[in-house]
Amino acid sequence: MKANANVAKVATLVSESSRAAILTILLDGRFHPVSDLAYMVGIKPQTASYHLAKMVEADVIDVETHGRHRYYGIRNQEIAQVMESFLQIAPPVEVRSLRQSFEEEALRRARTCYDHIAGSLGVKLTNALLENQFLREGQKEFHVTTEGEAFFSEMQIEISQLKKNRRKFCHKCLDWSERRHHMAGAVGKAMLDRLLELNWIQKTPNSRALKITSLGEKGLNEKFGIAMASN
């Protein structure tokens, strides 16, 4: 079989530090304007536009146009998972300020990984579902048990509907900070959406970090046996 030289083109995209930083930001699953991405990365908007155009051309990110504004987001779960894998093997970022230390701690505690929950919270949720036999662990994915379907239904997550989605159902995603797997796919997204609806967690501006609310502290403890204080 002939080697695919196009792999080098994709690798070149993430080898540039600004592009890698943009992709890491886009792991929050949201679409961002050029100005916001440029500010968060610390580059000029013109430079950010150049990098974004390269990544759009390579089908790594998508762009949506609303009026005169363009918004950019990561293309799909597969690309997000590759970026998470890179983060796992990358050397840790040197912490140079108290603010950076707080941000790093918040990301490790709870964050979005494209469209599902990662960090300590994501792993604890997955472990709780496994311990209660609502999930069964496979080699590359998690399987929802009959008891699990009933549990998810109580959470107003209908597994039968999720199985109809044209995407991975409940695959294992390796968490870069916890070094363990958390659930992703359609089930992982549904869990994130439901906890946001319940106001157990909240997204934070310009960050992948998730905030656990006082309602969440109580709900996570009662429903999953997870003890995590609100922040």
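The structure is a predicted model. Three strands make up an open antiparallel sheet in the order E1-E3-E2, and helix H4 lies across two of these strands, E2 and E3. Helix H3 packs against H4 with an angle of about 105° between them. The structure holds zero disulfides.

**The sheet E1-E3-E2**

- In the open sheet, the strand order is E1-E3-E2 and the pairing is antiparallel.
- Strand E1 (32-33) and E2 stand at the edges with a single partner strand each, so one side of each has no neighbour in the sheet.
- Six bridges join E2 to strand E3 (residues 69-74) in the antiparallel sense.
- Along this pairing, aspartate 62 has glycine 73 in E3 as its bridge partner, valine 63 stands opposite tyrosine 72, and histidine 66 stands opposite histidine 69.
- E2 and E3 form a hairpin with two residues between them; in the turn, glycine 67 has a positive phi of about 65°.
- E1 and E3 are also paired in the antiparallel sense, over two bridges.
- Histidine 32 has tyrosine 72 in E3 as its bridge partner; tyrosine 72 also stands opposite valine 63.

**Helix packing**

- Helix H3 (residues 34-41) and H4 pack with their axes 9 Å apart, at an angle of about 105°.
- The two helices, H3 and H4, are therefore roughly perpendicular to each other.
- On the H3 side, Val34, Leu37 and Ala38 take part; they meet Pro45, Ala48, Ser49 and Leu52 in H4.
- H4 also lies across E2 and E3, where H4 runs at about 115° to E2.

- Aspartate 59 is not a glycine, yet its phi is positive, at about 60°.
- The position of aspartate 59 is in the loop between helix H4 (45-57) and strand E2 (61-66), the strand that pairs with E3 over six bridges.
- With a relative accessibility of 44%, aspartate 59 counts as partly exposed.
- Tyrosine 114, likewise a residue other than glycine, has a positive phi near 65°.
- The loop between strand E4 (111-113) and strand E5 (116-118) contains tyrosine 114.
- Tyrosine 114 is buried, because its relative accessible area of 17% falls under the 20% cut-off.

**Cysteines**

- The number of disulfides in the structure is zero. Cysteine 113 is in no disulfide, and the nearest cysteine sulfur, that of cysteine 173, is 4.0 Å away.
- Cysteine 113 is buried, with 0% relative accessible area.
- For cysteine 170, the closest cysteine sulfur is also in cysteine 173, but 11 Å away, which is too far for a bond.
- Cysteine 170 is buried, with a relative accessible area of 1%.

Note on methods
Residues numbered from 1 in each chain as written. Predicted model: local features only at pLDDT ≥ 70, side-chain atom pairs only at ≥ 80, totals over all residues. Heavy atoms only, no water. Helix = DSSP H or I, 4+ residues; strand = E, 2+ residues; numbered from the N terminus. Buried < 20%, exposed > 50% of the residue type's maximum accessible area, 1.4 Å probe, protein only. Disulfide = S-S within 2.5 Å. Pairing = 2+ DSSP bridges. Axes fitted to C-alpha atoms, helices over the stretch in contact; angles between N-to-C directions. Parallel < 35°, antiparallel > 145°, perpendicular 65-115°, else oblique. Contact = heavy atoms within 4.5 Å.
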